[in-house]
Amino acid sequence: QVQLVESGGGLVQPGGSLRLSCAASGFTFSVYAMGWYRQAPGKERELVAQILASGGTYYADSLKGRFTISRDNAKNTVYLQMNSLKPEDTAVYYCKQFGNAYWGRGTQVTVSS
């Protein structure tokens, strides 16, 4: 069955960096657009970044320049490199496969001193 397993979250100080990973299985990873969403407490889930099967990328305007999405089709993994983290980046980060709207369970990112 389809599985999306996020990892790499944790507690980081403001200005720090984290790299999230999403390991996919159960489908042909290379042909699907993948992406990252996040949901902060009391807020709606929002799109962070998307990467197409072609490698093209899209970012939420507020995150351009700080976050980078990438994929490794040989490892069936999509990554989110997050730099210059701010307290407002605190959220649960979810991986999504866009073709069939499969979701991972999420990984918590907390930015705090």
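## The four-stranded sheet

Four strands line up here as an open sheet in the order β1-β3-β8-β7, and their pairing is antiparallel. The edges belong to β1 (residues 3-7) and β7, each of which pairs on one side only. Going from one strand to the next, the twist averages 15 degrees. Keep in mind that this is a predicted model.

Inside the sheet, β3 and β8 run antiparallel and are joined by 6 bridges. If you want a spot to look at, Ser21 stands opposite Tyr79 in β8. As a general point, strands of a sheet pair through backbone hydrogen bonds, either parallel or antiparallel.

## The overall build

What does the secondary structure come to?

The C-alpha trace spans about 40 × 25 × 25 Å along its principal axes. Of the 113 residues, 41% are buried. Take the contacts between residues at least 6 apart in sequence: 53% of them join residues at least 24 apart.

## The disulfide

There is 1 disulfide in the structure. Cys22 and Cys95 form it, with their sulfur atoms 2.1 Å apart. The pair ties together distant parts of the chain, since Cys22 sits in strand β3 (residues 18-25) and Cys95 in strand β9 (residues 91-97), 73 residues apart.

Which hand does the link have? It is left-handed, with -80 degrees about the S-S bond of Cys22 and Cys95. As for solvent, Cys22 and Cys95 are both buried.

In soluble globular proteins, nonpolar side chains tend to be buried together. Here the largest nonpolar core has 28 residues, and those with the most contacts inside it are Trp36, Val78, Leu80, Met82 and Tyr93. The elements that put in two or more residues are β3, β4 (34-39), β5 (46-51), β7 (67-72), β8 (77-82), β9 and β11 (107-111). Strand β3 gives the largest share, 4 residues.

Leaving aside neighbours within four places in sequence, Val78 is in contact with Leu20, Ser21, Cys22, Phe29, Met34, Trp36, Ile51, Ile69, Ser70, Arg71 and Cys95. That list includes Cys22 and Cys95, the two partners of the disulfide. It also takes in Trp36, another of the residues with the most contacts inside the core.

## Gln97, a buried glutamine

Gln97 lies in strand β9, the strand that also holds Cys95. Is Gln97 buried or exposed? Gln97 is buried, with a relative accessible area of 0%; the cut-off for calling a residue buried is under 20%.

Which residues does Gln97 touch, not counting those up to four places away in sequence? The list is Leu4, Phe27, Tyr32, Ala33, Met34 and Tyr102. Met34 is on the contact list of Val78 as well. Gln97 and Ala24 are 73 residues apart along the chain, and their C-alpha atoms are separated by 8.9 Å.

Notes. Residues numbered from 1 in each chain as written. Predicted model: local features only at pLDDT ≥ 70, side-chain atom pairs only at ≥ 80, totals over all residues. Heavy atoms only, no water. Disulfide = S-S within 2.5 Å. Buried < 20%, exposed > 50% of the residue type's maximum accessible area, 1.4 Å probe, protein only. Core = buried A, V, L, I, M, F, W, Y, C linked by side-chain atoms within 4.5 Å. Contact = heavy atoms within 4.5 Å. Pairing = 2+ DSSP bridges. Axes fitted to C-alpha atoms, helices over the stretch in contact; angles between N-to-C directions.
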